[in-house]
Amino acid sequence: MNHTVSNPAQVMATTATPVPTQRKPVVDLGTRMAHASMALAFLISYVTSESEYWRLVHVYSGYSLAAVLAFRLVWGWVGPASARWGLLLRRVAMWRVWATKIKQGEWLTRNFWVGASSWVLSAAVLGIYAFSTVAIASGWATYNELLGDGWLNDALQELHEGLGNAAMAVVCVHVGLVVMLRVWRGPQALRPMWRGYANTSGRG
């Protein structure tokens with residue numbers, strides 16, 4: 001008889017039980033719905049902003065954006081931990097950490113760019129919320145001529161348009177970074193915002 005003796009490595013490879021991939025919740029459903037709704041309402045508001053024909057669409061998409069922002073404001077207080085304002089503000093406040101790492105010459109490491117990209121995304125989100133909120137308020141005041149029909153209303157209109165353009169610039173930074181992360185880290189970098197969870201295997 002011919003007996004084949006396996007070495008310990010072969011035995012372990014044969015008997016090892018595959019570790020099941022687990023799902024780790026990252027972004028809750030409320031935040032994802034608000035994100036998608038806000039993106040759609042903002043896009044409609046922006047593309048209709050220069051047209052008198054589409055003015056009512058612009059106005060009502062602005063109201064829709066205001067409603068989504070109001071929901072997001074409340075959700076940031078009562079929602080799950082991943083949606084809380086405290087988490088977003090702590091991420092934005094970490095700019096000192098990344099500035100210090102740059103001074104120390106640690107900006108060539110992968111960990112630095114992973115963390116810095118997360119900071120830029122968080123700062124962009126906060127900027128979009130801030131610009132959009134003031135743009136909606138100024139647009140509502142202009143539409144209802146709260147300051148009359150003179151130069152004050154014209155100045156408010158200019159402010160409204162400037163804030164809309166500023167918000168769009170930040171949106172472009174946000175989207176550009178998302179595309180870069182998709183190319184750099186693969187689909188797993190974006191799937192949490194789409195599906196709400198990340199696999200512990202790191203494969204998305």
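Look for F42. Beyond its neighbours within four places in sequence, F42 touches L65, S132, G164, A167, M168 and V171. Contact here means heavy atoms within 4.5 Å.

This is a predicted model, where local features need pLDDT of at least 70 and side-chain atom pairs count only at pLDDT 80 or more, while totals for chains, interfaces and linings use all residues. Residues are numbered from 1 along each chain as its sequence is written, and side-chain values use heavy atoms, with hydrogens and water left out.

Now the helix pair. Helix α2 (residues 29-47) and helix α7 (residues 151-185) have axes that come within 11 Å and cross at roughly 130°. Axes are lines fitted to C-alpha atoms over the stretch in contact, with angles from 0 to 180 degrees between N-to-C directions. From α2, the contact uses H35, F42 and Y46; from α7, it uses G164, N165, A167, M168, V171 and H174.

F42 also belongs to the largest nonpolar core, which has 17 residues. Such a core is a set of buried Ala, Val, Leu, Ile, Met, Phe, Trp, Tyr and Cys residues joined through side-chain atoms within 4.5 Å. Buried means under 20% relative accessible area, with a 1.4 Å probe and protein chains only. Among the residues with the most contacts inside this core are M38, L65 and V171. At least two core residues come from each of α2, α3 (55-78), α4 (85-92), α6 (110-143) and α7.

Step back to the whole protein. It has 8 helices and 2 strands, taken as DSSP runs (helices H or I, at least four residues; strands E, at least two). Of its 204 residues, 30% are buried.

Key. Buried means under 20% relative accessible area, exposed over 50%, partly exposed in between (1.4 Å probe, protein chains only).
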